[in-house]
Amino acid sequence: MVALTGRGRLRRASALVLLGAVALLSVPACAAGSSILDKDSLVIGVKPDQPGLGMKDAAGEFTGFDVDVAAYIARKLGKNARFVATPSSEREKVLMDGSVDLVVATYSITPERKTKVAFGGPYYVAHQDTLVRSGESGIAGVRALKGRKLCQVTGSNSWRRVKEERKIAVELVEAASYSECISDLNAGKVDAVSTDDLILAGFATPDLKIVNAPFSDERYGVGIQAGDLDGCEAVNKAITEMYLDGTAKKLLQKWFAKSGLALTFTVPQFEGCG
């Protein structure tokens, strides 16, 4: 064994410190013990103001398709679930800071969002459409929104599909939520609300109509902390079982059968958890 000089020992010590730092940086973002599978109960973010998808009633209870899907997934994982209101603008934040364990809140999977969080699913593929006042005859599709006032919800990507992806010159009017958009539409402050058809179906009334001219696929994912590979795969297994045992069909019909939308009852193609 060759004896090290003082300078050699110093170099060796520095190398060991460097190797240790590299090893720490190599640990996955979701370290051992932080997976949803290691928890007794799950905090799940859902929408509080989207009829048919996620609504909070006067008693503080949450109901809707997304809520039922989230409850099913939690049961399949053997976990109790507690639901918390999660607006669009906060979905990445609450997952990244650990305030919630999952987000099931009309959360479309996008490349940008996947740089911050991971996704199970999708558990359903919706399609973006447009809602207008029932007396409106000049808007039969997304192209007819040129020069019109379109509601823009903070934290949602739906307006981007119109203004940025399709380069349609709309005038954007900001709102904090889709329920606020609907109020603005009824009041004449905006000409249209464009987002996922399942969201619009919950807001449709005799005074408001869906144009029925879909123009995109919106893959609703289950948001989960980046790095929780085991948890993500367990979520995907639960979603598959939800379709195979007929629960997905029952829930879709329960909440949207009267909407007139063409519903899909087959397992969506998953994104993959890697």
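Visitor: Leaving aside its neighbours within four places in sequence, which residues is L198 in contact with?

Guide: Contact means heavy atoms within 4.5 Å. By that rule L198 touches L53, Y124, A126, Y220, F256, L261 and L263, with neighbours within four places in sequence left aside. This is a predicted model, in which local features need pLDDT of at least 70 and side-chain atom pairs count only at pLDDT 80 or more, while totals for chains, interfaces and linings use all residues. Residues are numbered from 1 along each chain as its sequence is written, and side-chain values use heavy atoms, with hydrogens and water left out.

Visitor: Which residues have the most contacts inside the largest nonpolar core?

Guide: A nonpolar core is a set of buried Ala, Val, Leu, Ile, Met, Phe, Trp, Tyr and Cys residues joined through side-chain atoms within 4.5 Å. Buried means under 20% relative accessible area, exposed over 50%, and partly exposed in between, with a 1.4 Å probe and protein chains only. The largest core here has 54 residues, and those with the most contacts inside it are F65, Y123, Y124, L131, V193 and L198. Another core, of eleven residues, lies apart from it and includes I139, I168, A192 and V211.

Visitor: How many helices and strands does the protein have?

Guide: Both are DSSP runs numbered from the N terminus: helices are H or I with at least four residues, strands E with at least two. The protein comes to eight helices and twelve strands. Of its 274 residues, 47% are buried. Among contacts with a separation of 6 or more, 70% are between residues 24 or more positions apart.

Visitor: Which residues are the closest to the centre of the largest cavity?

Guide: On a 1 Å grid over the protein atoms alone, a cavity is a set of points where a 1.4 Å probe fits but cannot get out; lining residues have an atom within 4 Å of a point. Grid points are joined across faces, edges and corners, and the volume is the space filled by probe spheres set on the points. The structure holds one cavity of 30 Å³ or more, and the largest has a volume of about 110 Å³. Of the 17 residues that line it, T106, S108, S156, S158 and D196 are the closest to its centre. The elements giving two or more residues to this lining are α4 (158–163) and β10 (193–196).

Visitor: What is the phi of T106?

Guide: Most residues other than glycine have a negative phi, and most peptide bonds are trans. T106 is not a glycine, yet has a positive phi of about 40°. T106 sits in the loop between β6 (102–103) and β7, and counts as buried at 5% relative accessibility. K167 also has a positive phi, of about 55°, without being a glycine. K167 belongs to the loop between α4 and β9 (171–175) and is exposed, with a relative accessible area of 67%.

Visitor: Where is the peptide bond that is cis?

Guide: The bond from G121 to P122 is cis, with omega near 20°. P122 is found in strand β7 (residues 118–133).

Visitor: How many residues apart in sequence are V173 and K189?

Guide: V173 and K189 are 16 residues apart in sequence and 8.3 Å apart in space, C-alpha to C-alpha. V173 is found in strand β9. Beyond its neighbours within four places in sequence, V173 is in contact with K149, L150, C151, Q152, K189 and V190.

Technical notes: On a 1 Å grid over the protein atoms alone, a cavity is a set of points where a 1.4 Å probe fits but cannot get out, and a pocket is an open set with protein on both sides within 12 Å along at least five of seven lines; lining residues have an atom within 4 Å of a point.
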